[in-house]
Every structure is written in structure tokens, then in C-alpha cells.
Amino acid sequence: MPRNQQILLDNRPQGEASASNFKLVTTDTPALQEGQVLVRHHYLSLDPYMRGRMNESKSYAQPQPLGEVMIGGTVGEVVESRHAKFAAGDKVVGMGGWQEYSVVDGDAPGMLRKVDTTHVPLSHYLGAVGMPGVTAWYGLVKIINPKAGETVVVSAATGAVGSAFAALAKARGCRVVGIAGGPEKCKYAVEELGFDECIDYRVHNDLKTMAKALKDACPNGIDGYFENVGGYILDAVLLRTNAFARIALCGMIAGYDGQPLPMANPALILVNRLKIEGFIVSEHMDVWPEALKELGTLVGTGKLRPRESVAQGIASAPEAFLGLLKGKNFGKQLVKLI
């Protein structure tokens with residue numbers, strides 16, 4: 001059986017995460033038992049939610065255990081199978097974690113799914129046509145539920161979730177405004193992803209200037225907001241919301257180092273009768289088929305052209321992940337493992 005390089009969570013961050021929280025080890029791949037599948041990972045997905053799992057504090061999911069392979073989505077190829085549903089050569093998406101190979105129970109619900117790479121590249125099943133795409137779909141369709149002509153805003157606009165959100169919202173006739181870091185990302189948001197406008201938070205780096213930029217970009221106010229960041233950006237959005245606006249609360253990357261993120265003016269929730277709903281996409285598996293069908297069509301027809309940042313080799317994963325938390329990635333952050 002092949003040797004397998006893995007990255008473990010070695011210790012918990014004290015404040016900001018660092019490369020020293022992780023440890024690279026090499027192990028033997030165990031022999032397959034009946035019903036198991038051996039998968040060679042081609043790509044590993046790096047996602048902001050992983051930072052929250054590194055903490056021991058109470059959250060919506062169990063913390064990442066110390067001394068175990070870091071959690072993460074993977075796509076790859078079946079190398080060997082002792083399960084009737086899977087054959088060598090099948091392309092699959094799963095939760096193989098930060099390692100080159102995984103041994104998976106073929107019957108475990110949601111752990112391994114065959115994918116078709118005829119029209120959609122394998123790596124996109126970790127982004128636009130995977131968990132991030134479904135995340136954008138659920139927040140937009142099930143929580144914001146926009147009408148044609150309404151204005152919707154998304155933070156982290158050029159990431160895997162934000163780029164899918166733009167295509168989905170434009171397909172529903174919305175005015176779509178993004179918030180991203182730097183002129184290059186904002187140019188890409190408008191010219192490639194179809195945003196009507198994009199606001200650079202590095203220029204508008206406080207509540208007052210961000211609120212003014214949102215007022216200019218959203219002359220009719222904000223009807224829906226997809227939140228990935230938190231902090232002063234959320235405060236600025238609240239100032240511009242219309243009555244009965246809906247906010248899908250997906251991430252709070254500004255608070256992942258463990259410090260609370262106070263809201264400047266929560267009275268606006270009452271004044272504007274806002275609906276704010278947090279959600280975890282893995283708790284809504286019933287909508288995945290519908291969402292993935294629409295996302296696959298958008299990618300296949302060229303209406304969603306996702307961009308990827310790709311690090312090379314499993315050893316590069318920690319630094320690529322830390323870069324993602326600081327917005328250094330451009331589009332979906334992946335690690336190529338072959």
C-alpha cells in the first residue's frame with residue numbers, strides 16, 4: 001500500500017493561527033477492509049470554516065481533535081475498491097482531509113460521491129459546484145429570497161462563495177454589489193464575475209467611509225446581504241438596509257481569532273424589521289441536488305467562471321491556509337496533491 005503524507009493539528013492557536021499549529025507526518029496506508037475504498041486525492045479544499053474548528057470554544061461543530069488529520073474537502077480518484085458502488089478510476093468528492101490518500105467507508109452517508117468531469121473540471125467540485133457554491137445558493141435562495149430588481153450585497157465577493165453568489169443573483173435579476181480587498185479583485189468582480197459594482201474595503205477601511213461607499217453603490221438601499229466577514233462591514237451594511245431586508249449569516253472571518261465582534265447599532269434590526277439568519281450548509285443536504293444542478297449549468301454554460309488559487313503539494317497547505325485567512329487568495333483556494 002502507498003505511503004501517505006498527512007497534516008495533523010498539533011496544537012491550538014493562541015490568538016492568530018500559525019504554521020506551528022500544524023505537523024506533517026508520513027504513515028502507511030492501511031489495507032482495505034470489506035466495504036472500504038482507497039482514494040488518491042488530487043485536490044484539497046482550504047476554507048475559512050477550518051479556522052473556527054481549530055479553537056476549542058463552543059461552536060456548531062466539534063473542535064478539530066489534536067493529533068488527527070485536519071478536516072477538509074477533497075476530490076480525487078478511486079485507486080482500489082472493496083465496495084460494489086465504487087470502482088478503480090471513479091472520480092469522487094469527499095471529506096478526505098489534509099492528506100494524500102484516504103480510506104473511506106463506502107456506505108458512510110455523505111462521505112464519498114461520484115462526480116462527472118465531462119463538463120465540469122474535477123477541482124470545481126470543491127468550489128463553485130461544491131460546498132461553497134451550495135452555501136451561496138442556500139443563503140441567496142432560502143434566506144434572502146430576492147425579487148428581481150432588488151439590491152443584494154456580499155462580502156468576500158471574489159472568493160468561492162462570493163463568485164457563485166454573483167452568478168446566482170444575476171440570474172434572478174438582482175443588482176449585485178460586492179465587497180473585496182484591493183483594486184485587482186474589484187476589477188475582476190465587475191469584469192469577470194458580473195458584479196454591478198465592487199467596493200474595496202482596503203480603501204474604505206472604517207465604518208464611516210464604508211457606509212458612504214455602500215450608499216453610492218446601492219442608491220435604492222440594500223434588500224439582501226450575504227455575510228462572510230462581520231465587524232465594521234456588517235455595521236456599515238446595517239446602516240443602508242431597507243425595511244424588511246434579509247441577512248444570511250454564513251461566516252464571521254473577522255472574529256476567527258477568538259475575540260468577540262460587537263455590533264455598533266443592533267437597534268437597526270428592530271427599526272428596519274430585519275431578518276437575520278445564521279446557517280450551516282451541511283445541515284441542509286436536502287437542497288444540495290437542486291443547488292448543484294443550477295451551479296453545474298452556470299459553470300457548463302460559462303455564466304460562472306470560477307477562479308482558483310492553487311498551492312502545490314501537501315506541505316504547502318498550512319501557509320496557503322494562513323494566506324486565505326488574510327485574503328491573499330484569488331478565488332477558491334486549493335492544494336494540488338498530484
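**Note on aromatic pairs and a helix packing**

1. Phe22 and Phe321 are both buried. The model is predicted, and these remarks apply to it as such.

2. Phe22 and Phe321 form an edge-to-face aromatic pair, with 6.3 Å from centre to centre and 90° between the planes. The two residues come from distant parts of the chain, 299 residues apart: Phe22 lies in strand 2 and Phe321 in helix 9 (residues 317-325).

3. Phe22 also pairs with Trp98, and this pair is stacked, at 5.2 Å centre to centre with 20° between the planes. Here too distant parts of the chain are linked, since 76 residues separate Phe22 in strand 2 (residues 22-28) from Trp98 in the loop between strand 5 (91-94) and strand 6 (101-105). Both Phe22 and Trp98 are buried.

4. Over the whole structure, the search gives seven aromatic pairs. One aromatic cluster is formed by Tyr138, Phe165, Phe226 and Phe279.

5. Helix 5 (residues 207-217) packs with helix 6 (residues 232-240) at an angle of about 45°, and their axes are 9 Å apart. Angles from 65 to 115 degrees would count as roughly perpendicular and those under 35 as roughly parallel, so helix 5 and helix 6 are oblique to each other. Their crossing is right-handed.

6. On the helix 5 side, the contact is made by Leu207, Met210, Ala211, Leu214 and Lys215. Helix 6 contributes Tyr232, Ile233, Asp235, Ala236, Val237, Leu239 and Arg240. Of the residues in this contact, nine are nonpolar and three charged, with no polar ones.

Definitions and conventions. Residues numbered from 1 in each chain as written. Predicted model: local features only at pLDDT ≥ 70, side-chain atom pairs only at ≥ 80, totals over all residues. Heavy atoms only, no water. Axes fitted to C-alpha atoms, helices over the stretch in contact; angles between N-to-C directions. Helix = DSSP H or I, 4+ residues; strand = E, 2+ residues; numbered from the N terminus. Parallel < 35°, antiparallel > 145°, perpendicular 65-115°, else oblique. Left-handed = near helix turned anticlockwise from the far one by under 90°. Contact = heavy atoms within 4.5 Å. Nonpolar A, V, L, I, M, F, W, Y, C, P; charged D, E, K, R; others polar. Phe/Tyr/Trp six-rings, centres within 6.5 Å; stacked < 30°, edge-to-face > 60°. Buried < 20%, exposed > 50% of the residue type's maximum accessible area, 1.4 Å probe, protein only.
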